[in-house]
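This report describes the fold, the packing and selected residues of one protein chain. The sequence and structure are shown first.

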Amino acid sequence: MKRKITLKQIAKELDVSISTVSKALRNSVEISDDTKQKVQAFAKLYNYRPNNIALSLKNRKTNTIGIIIPEIVHHFFSKVISGVETVANNRGYNVIVGLSNESFSKEVINMEMLANGSIDGFILSISKETLQQQDYHHFNETMSQGMPIVMFDRVIADIKCDKVIVDDYKGSKNAVEKLITNGCKSIALITTKDYVSVGKLRTQGYLEALHEHKMTPKAELILKIDDTLDYEVHLDALELEIEQLFKSNKKIDGVFAVNELYALSAMKVARKLGLDIPNDIQVIGFTDGVLSKHATPSLTTVSQHAQQMGETAANLLIDKLENEFDDEKEEEFQTVVIATELIERESTK
C-alpha cells in the first residue's frame, strides 16, 4: 500500500512549490485566494489532512530522534537507548526518550507530543496494553503523514515499517536444548500471555525443543504469568505462583523463563524450597541483564545484544530520513533479525 498523498505530490500536481502548498493549507495571507482554494480543494479530494507533524517535517528538520520504550528499569531498554544514542550522535542527531509505562494512552500521548515538531522520526517498542487492545491507529497515522517509525523487540507484523528483532524462537530453542543436554527430564516454562509476541515466540521455541527430543510437553509445567499486574511492585504474588508450580510438580529439574525477572524469581523460590542450583534444578532466563551476572548463583541467559539492536534501529531510521523517497515507487521496509547468544553461568551445569 502506497503512502497517502503528501505535500510534495500536491505541489507536483498543481505545479507550485511545497512551501506554497504548506502556506495555502494554513490559510497564509502570503498566498492568493485562488491558489488557496485550488490547493485546499485538491487536498480535500485526496483526503489529505495537514497537521503539525507534516508541516514540521516539510518546513524544518530537527535532527532529533524520539525513542518510546515501555519501561525504564530493565537493563535491556537502557542498553538499546545507549546503542541508539551512540549511532545518532555520530551521525549528527540528538535523542529524546519517552516512556509509555506499558500504557496505550501514554504511548499515544508521547507520540503526539514528540511528533508535534520536536522530532524527525520514531524508534519504539510497543506497550503491552497496545498489544492487548490491538489498536495501532497512532502508528499508521504518524507514518501516513511522512514520519518514519522503526519498531524493535515488540513489533507488529501487519504494520509496514522497518523492524529490528532478535531470533526469539531460536534463542529459546537453544536454551531448552541446553537444559536437555545437561540431563534435565522435567523442564518448566515460565512465560507471558500469548498477546506479547516475544513471549509467544519463546514459548514456541520451548515446545519445539521438547518435540525434537521426543519429550512430551505437559500443560502443568507451563506457567503463563498474567503480566497486566505489575510484578515488579507485587513480587510476592509472582513468587507465590512459581512456588505453587514447583510444589505441584516436584520432579521439575529445569526451568526456562522468558525474561530475567521470572528466572531470578524462580531461583529465589527454589532456594526457599531447599533446592540446590544447579544440582537439583537448573535455570536459564532470556535477556542478559546486569542482575543475571551478580545473582547467587549467577544466571545462565540468552543475550539479545541490546546495544546492537539500538545501533541497528538508529541506522535504519536515519537512513530513511536522509534518503529521498520516490513517490512513484512502493516504499520498501526491512526486518533485521539479530542472532542471540547463550551465556553460560552457574545456574546450569
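## Model confidence

The structure is a predicted model. The mean pLDDT of the protein chain is 90, and 92% of the residues reach at least 70. Where pLDDT is low, the predicted coordinates should not be read in detail.

## Overall dimensions and composition

The protein chain holds 349 residues, of which 53% are buried. Its C-alpha atoms fill a box of roughly 85 × 35 × 35 Å along the principal axes. The accessible surface of the protein chain is about 16600 Å², and carbon and sulfur atoms account for 48% of that area.

The secondary structure of the protein chain comprises 14 helices and 12 strands. Of the contacts between residues at least 6 apart in sequence, 75% link residues at least 24 apart.

## The parallel sheet and its helices

An open sheet is built from six strands with parallel pairing, in the order β2-β1-β3-β4-β5-β11. Its edges are β2 (94-99) and β11 (335-338), each of which pairs on one side only. From one strand to the next, the twist averages 15 degrees. Strands of a sheet pair through backbone hydrogen bonds, either parallel or antiparallel.

Six bridges connect β1 (residues 64-69) to β2 in the parallel sense, and threonine 64 stands opposite asparagine 94 of β2. Helix α5 (residues 75-90) lies across β1, β2, β3 (121-124) and β4 (149-152), and runs at about 170 degrees to β1. Helix α6 (residues 104-115) also packs on the sheet, where it touches β1, β2, β3 and β4; the angle between its direction and that of β1 is about 175 degrees.

In soluble globular proteins, nonpolar side chains tend to be buried together. The largest nonpolar core of this model contains 66 residues; the members that touch the most others are Ile123, Phe152, Ile187, Ile190, Phe246, Val255 and Phe256. The largest contribution to this core comes from helix α14 (residues 306-322), which supplies eight residues.

Beyond its neighbours within four places in sequence, isoleucine 187 contacts Val176, Leu179, Ile180, Tyr206, Leu210, Met215, Leu221, Asp253, Gly254, Val255 and Phe256.

Serine 298 itself is located in the loop between α13 (290-294) and β10 (300-303). Its relative accessibility is 9%, so serine 298 counts as buried.

Glutamate 71 occupies the loop between β1 and α5. With 13% relative accessibility, glutamate 71 counts as buried because the cut-off is 20%. The C-alpha atoms of glutamate 71 and histidine 137 are separated by 21 Å, and the two residues are 66 residues apart along the chain.

Definitions and conventions: Residues are numbered from 1 along each chain as its sequence is written. This is a predicted model: local features need pLDDT of at least 70, side-chain atom pairs count only at pLDDT 80 or more; totals for chains, interfaces and linings use all residues. Side-chain values use heavy atoms; hydrogens and water are left out. Two strands pair if DSSP finds at least two bridges between them. Helices (H or I, at least four residues) and strands (E, at least two) are DSSP runs, numbered from the N terminus. Axes are lines fitted to C-alpha atoms, for helices over the stretch in contact, and angles run from 0 to 180 degrees between N-to-C directions. Contact means heavy atoms within 4.5 Å. pLDDT is the predictor's confidence in each residue, from 0 to 100. A nonpolar core is a set of buried Ala, Val, Leu, Ile, Met, Phe, Trp, Tyr and Cys residues joined through side-chain atoms within 4.5 Å. Buried means under 20% relative accessible area, exposed over 50%, partly exposed in between (1.4 Å probe, protein chains only). Accessible areas come from the Shrake-Rupley method with a 1.4 Å probe; for residues, only the protein chains shown count as cover.
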